[in-house]
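Welcome! Take a moment to look over the sequence and the fold, and then let us walk through some of the parts together.

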Amino acid sequence: MNNLESAIVIPTYNGGSLWENAALNIRKYYDGRVVIVDSGSNDKTVQIAKDYGFEVYQIPNSEFNHGGTRNYGASLVADSADIVIFMTQDAILQDRSSIDNLITLFEENETLAAAYGKQLPHDNANPIASHARFFNYSNHGYVVNENDARSQGLGIKAVFLSNSFSAYRLSTFNEVGGFANDTILCEDMLFAANALSYGFKVGYQPLSSVKHSHNYSPVEEFKRYFDIGVFHCDQAWIGERFGGAKSEGGKFLKSEFRYLLKNAPHYILLACMNNFTKILGYKLGKKYKLMPVNVVRKLSMHKRFWK
């Protein structure tokens with residue numbers, strides 16, 4: 001039994017059948033407060049949330065913002081929780097101990113600002129998506145401050161944090177300033193970088209897990225990595241302070257090739273196409289300020305950001 005009180009916050013929008021599975025497992029494995037911030041769903045997303053006894057707050061679709069919407073959700077539970085757990089509507093909680101294990105990290109580390117859990121591939125994940133989860137989410141946990149991250153050679157991995165399944169100490173969350181309202185994505189990574197810079201710690205708990213993955217097409221990968229490039233352009237200080245993503249990208253490519261060669265060689269061509277579009281999208285995204293905004297909007301996955 002944990003001593004810290006927690007609450008789950010989930011932004012939703014047209015979650016479909018996957019959301020129903022996610023809601024089922026949350027209610028099955030978690031007895032605490034669950035807050036949904038819905039941005040104009042026109043399917044059964046809101047009704048599903050209500051059927052499972054979740055609190056539902058609705059905002060106009062035009063007001064959704066990766067950071068701002070989650071800040072709003074955090075403010076809704078601040079009166080009753082020490083820890084806010086963020087999930088996405090397509091993340092399937094795997095067992096009852098996952099939440100407890102995540103919160104235990106905060107009880108054991110008073111200066112821990114945030115921690116994320118392990119992500120496993122969905123049942124329908126293709127080999128490319130499966131490898132990405134195995135590569136990014138190891139069986140080795142950690143809790144580090146900035147000096148620890150440097151001594152352990154974590155580089156850019158030190159600020160890796162995923163709001164598909166992560167937890168934040170609310171007092172520290174507010175002290176650091178919460179999530180940025182003006183970032184296209186990676187609000188979680190930006191928070192981690194700020195928290196480490198403030199002298200706090202961040203962590204990873206592999207004993208806490210959800211199923212969460214995407215079978216992205218080459219075009220989707222291009223758009224997603226274009227947006228990541230935009231983020232790294234706007235937040236260049238993160239790479240300067242913690243190290244760039246180039247070395248980690250090289251490790252990923254080698255690991256993916258070995259994995260596919262052994263397990264699914266017929267996916268190697270698709271992986272090559274995906275990786276080409278990732279690199280191209282990322283490089284163009286870092287140069288987005290040189291492009292007309294109507295072109296940038298077409299290249300971006302998160303088009304609402306550019307309105």
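This is a predicted model: local features need pLDDT of at least 70, side-chain atom pairs count only at pLDDT 80 or more; totals for chains, interfaces and linings use all residues.

## Strand 8 and its partners

Met87 stands opposite Phe165 in strand 8. Five bridges join strand 4 to strand 8, and the two run antiparallel. Strand 8 also pairs with strand 6, again antiparallel, through three bridges. There, Tyr116 has Ser166 as its bridge partner.

How many of the residues of strand 8 (residues 165–169) are buried? Five of its five residues are. Phe165, Ala167 and Arg169 point one way from the strand, while Ser166 and Tyr168 point the other way, and all of them are buried.

## Strand 9 and its partners

Let us move on to strand 9, which spans residues 201–211 and is mostly covered, with eight of its eleven residues buried. Strand 6 (residues 112–120) runs parallel to strand 9, and eight bridges join them. In this pairing, Ala115 stands opposite Gly203.

Two other strands run antiparallel to strand 9. Strand 7 (residues 142–144) is joined to strand 9 by three bridges, and Tyr142 stands opposite Tyr204 there. Strand 5 (residues 92–93) is joined to strand 9 by two bridges, with Ile92 opposite Lys211.

In soluble globular proteins, nonpolar side chains tend to be buried together. Here, the largest nonpolar core has 52 residues, and those with the most contacts inside it are Val159, Tyr168, Phe191, Phe231 and Ile238. Which helix gives the most to this core? Helix 8 (residues 187–197) does, with seven residues. A second, separate core has 29 residues, among them Ile8, Met87, Leu93 and Val210.

Setting aside its neighbours within four places in sequence, Phe231 is in contact with Thr183, Ile184, Leu185, Cys186, Met189, Leu190 and Ile238. Of these contacts, Ile238 is also listed with Phe231 among the residues with the most contacts inside the largest core.

## Helix 8, largely enclosed

Why is helix 8 described as largely enclosed by the rest of the structure? Nine of its eleven residues are buried, so the rest of the structure largely encloses this helix. The buried residues include the charged Glu187 and Asp188 as well as Met189, Leu190, Phe191, Ala192, Ala193, Ala195 and Leu196. Just after the helix comes Gly199, which takes a positive phi of about 100°.

## Asp90 in its loop

Our last stop is Asp90, found in the loop between strand 4 (83–87) and strand 5. Asp90 is buried yet has no salt bridge. Where is the nearest side chain of opposite charge? That side chain belongs to Arg133, and it is 7.5 Å away.

Asp90 does have a polar partner, however: a polar contact of 3.4 Å joins its side chain to that of His214. Leaving out neighbours within four places in sequence, Asp90 is in contact with Leu18, His122, Lys211, His212 and His214.

Terms used. Residues are numbered from 1 along each chain as its sequence is written. Side-chain values use heavy atoms; hydrogens and water are left out. A nonpolar core is a set of buried Ala, Val, Leu, Ile, Met, Phe, Trp, Tyr and Cys residues joined through side-chain atoms within 4.5 Å. Buried means under 20% relative accessible area, exposed over 50%, partly exposed in between (1.4 Å probe, protein chains only). Helices (H or I, at least four residues) and strands (E, at least two) are DSSP runs, numbered from the N terminus. Contact means heavy atoms within 4.5 Å. Two strands pair if DSSP finds at least two bridges between them. A salt bridge is a side-chain nitrogen of Lys or Arg within 4 Å of a carboxyl oxygen of Asp or Glu. A polar contact is a pair of N or O atoms within 3.5 Å; within protein, one must be able to donate a hydrogen and the other to accept it, and residues adjacent in sequence count only if both atoms are side-chain atoms.
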